[in-house]
Amino acid sequence: MIEISDKKNCTGCCACVDICPKAAISLETDIEGFWYPKVDNSLCVNCGLCNKICPIETEPKVKKENFETPKCFAAINKNLYVRFDSTSGGIFSALTDRIFREGGLVGGAITDEKFNATQILIEKKSDLEKLRSSKYYQSNATGFYKSVKSALVEGRKVLVCGMPCQMAALRNYLGKDYDNLLIVDLICLCIPSPKVFKKYIESIGNNYGSPVVSTKAKCKELGWRKLTQLFVLEDGRHIYQTHDENPFQYFYMDTKTICRPSCYDCKFKGFPRIADITIGDFWGGTNNPVYTKEFKKEFDNDLGTSVVIVNSQKGLDYINLAKTSMKIKEIPFESVLPGNRALIYPITSSTINRDEFFKKLDKESFSEVEKFYKTNRKVSLKQHVKKILKRYYKLLKMYRLDIIAYLKLSSLNGFFNVFFSDKNLIMPLKYSVYKFTNKKNINLNGDLIIGTKRVKGSKLETRFIVEGTGKLDINGKVSVGYGADIEVFDGGHLEMGYCWSNINNEIICANSIKIGNYVGMGRNVCIRDNNGGHFINRPFYKDSRPVVIEDKAWICSNVTIMPGVTVGEGAIVGENSFVTENVPPYTMVSGNPAKIVDRDVLYKM
């Protein structure tokens, strides 16, 4: 009979529920949001099957037969759409291609509209998108083990993918290896609580005034390495949270607070592994000999690169059959471990009081709990010094030993702010001309870098002027390319989020121009909200009208955006376009005048 006296001895795999012949085992969820088996003694006949299949109590025999030192590969899916839509390099999808061609079944985790994750089997390739991408909270596998065994007994080919503890449970449940089964597991740091994730999702909806209808972890649109969580709201907005902005990832990856107790003493680390194939991210690194310039160009692109660890002969045979769907390169085993320590080591203890956290979360909203720990987060002297040294490194990289540049920087921002604080700065580079009539009208919530250049010796002038009562709001790091001419006239208001511009951009603001976050501007882009004081004898004519460039819009080279235009979230304005009308979100426009040429467009920056 299963008895959980210490929660660290239960992974929540659910195999005991499936194996019980009397349906005597059910699941109870605790205050942390994790489920544990509960036995109905009136139904239990003490057959001991639950103990035999428990992956904590009984190690799967097949582990001993797998490779002690596995073969390793870096790989990406040849289909760019699939790779873009996947958490890593899209290799799970590539592995399933052959199974589907042979009429087999594929198992993995799926989420419903209430963000409950469950393990299921699918037989249609069209359903694969539902399984694609990691869920980053625990999935319920009740019924899954029965389904897999039933399919195998029928002679169907099956490929299943899940957490190492779930795959160990499956091995024990089946009792033997099946020739028609391929088991794939994931490189797992730990399993976060579903309850915490749901409260997190709820807080996003509350904060933005619209419920979250879907979410994607490690969204590629801002680049793979930013570990961005995408939220799609009911009103159509897309919200992006990078790792540094994401409180859920802070409690999950940084403090290690919201993970299942068994993860602190995980029994499924190291080699040989239980699965035939292990997949995850190939992070590489600056000192990794595999990560040459040629490798980065061929396999990286910040779109996700998978590591494929082959643990058995069956897995190796399958890779050789399935590699037609992937671009693949064998790499040394040693090159994988530095970026994936989770293969070997369990997580360390929570750095904050775990019991206190879950008690607070049970009574308060996620936002309130986050605020409490953010307010009480202590910055050590070491962290403070590291921050200041990072500031000095950035300044040295930009200005080297140019004393005149440092004097200008100090005059513009204040000596103390430049050298002894972490406040945001206006940072003009060489050959930049600037004029800020009233610094009180400049609000910095990010650094403003004026005159960034690719050709370091260029003397091309960059101009940035805010005149009279003009206002400038910088709401994230803003990089203005060389040759730009940005002018905010008396009475104008320019707002810029985290964005960047290329060479020779022109922004002329006499009324209101608002540029959102993650906006990219190509060469020779012109954005203006006014016609320079020229009036035309036409009804309803206005000399100036506000311009809005919403988050993650991409403005290609030689584009002109005229007064009164709103470029919607995620839209792409093609090269040489002349924009006189609003551009709907997630569309692509082109031409003179610009017209819609494509819809539902997503892209990586």
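Residues count as buried under 20% relative accessible area, as exposed over 50%, and as partly exposed in between (1.4 Å probe, protein chains only). The structure is a predicted model, in which local features need pLDDT of at least 70, side-chain atom pairs count only at pLDDT 80 or more, and totals for chains, interfaces and linings use all residues. Residues are numbered from 1 along each chain as its sequence is written, and side-chain values use heavy atoms, with hydrogens and water left out.

Glu-368 counts as partly exposed, at 45% relative accessibility. Glu-368 belongs to helix H13 (residues 366-375). Helices (H or I, at least four residues) and strands (E, at least two) are DSSP runs, numbered from the N terminus. In sequence, 165 residues separate Glu-368 from Ser-203; in space, their C-alpha atoms are 9.3 Å apart.

Salt bridges were examined next. A salt bridge is a side-chain nitrogen of Lys or Arg within 4 Å of a carboxyl oxygen of Asp or Glu. The count by this rule is 28 salt bridges. One of them joins Glu-221 to Lys-552, with the closest N and O atoms 3.2 Å apart. This pair links distant parts of the chain, 331 residues apart. Glu-221 sits in the loop between strand S8 (212-219) and strand S9 (228-233), and Lys-552 in the loop between strand S26 (547-549) and strand S27 (554-555). Both partners are buried: Glu-221 has 2% relative accessibility, and Lys-552 has 1%.

Arg-225 pairs with Asp-300 in a salt bridge, the closest N and O atoms lying 2.8 Å apart. Here too, distant parts of the chain are linked, 75 residues apart: Arg-225 is in the loop between S8 and S9, and Asp-300 is in helix H10 (residues 293-300). Arg-225 is partly exposed, with a relative accessible area of 38%. Asp-300, at 5%, is buried.

Glu-364 and Lys-360 form a further salt bridge through their side chains, at 3.4 Å from N to O. Glu-364 is partly exposed at 26% relative accessibility, whereas Lys-360 is buried at 17%. A network of salt bridges links Arg-171, Asp-177, Asp-276 and Lys-314.

Two surface patches are described. Patches are made of residues with over 30% relative accessible area and no salt bridge; like charges are joined within 9 Å, and nonpolar side chains (Val, Leu, Ile, Met, Phe, Trp, Tyr) within 5 Å. Accessible areas come from the Shrake-Rupley method with a 1.4 Å probe, and for residues only the protein chains shown count as cover. Lys and Arg count as positive and Asp and Glu as negative, while His and the chain ends are not counted. The place of a charge is taken as NZ of Lys, CZ of Arg, CG of Asp or CD of Glu.

Lys-226, Lys-397, Arg-400, Lys-456 and Lys-477 form a positive surface patch. Of these, Lys-477 lies in strand S19 (residues 471-481). Lys-477 is partly exposed, with 46% relative accessible area. A nonpolar surface patch of about 310 Å² consists of Leu-381, Val-385 and Leu-389. Val-385 is part of helix H14 (residues 381-399) and is partly exposed, at 39% relative accessible area.

Cysteines were also searched. A disulfide is a pair of cysteine sulfur atoms within 2.5 Å. Zero disulfides are found in the whole structure. For Cys-188, the closest cysteine sulfur is that of Cys-263, 5.8 Å away and too far for a bond. Cys-188 is buried, with a relative accessible area of 13%. Cys-259 is also buried, at 0% relative accessibility.
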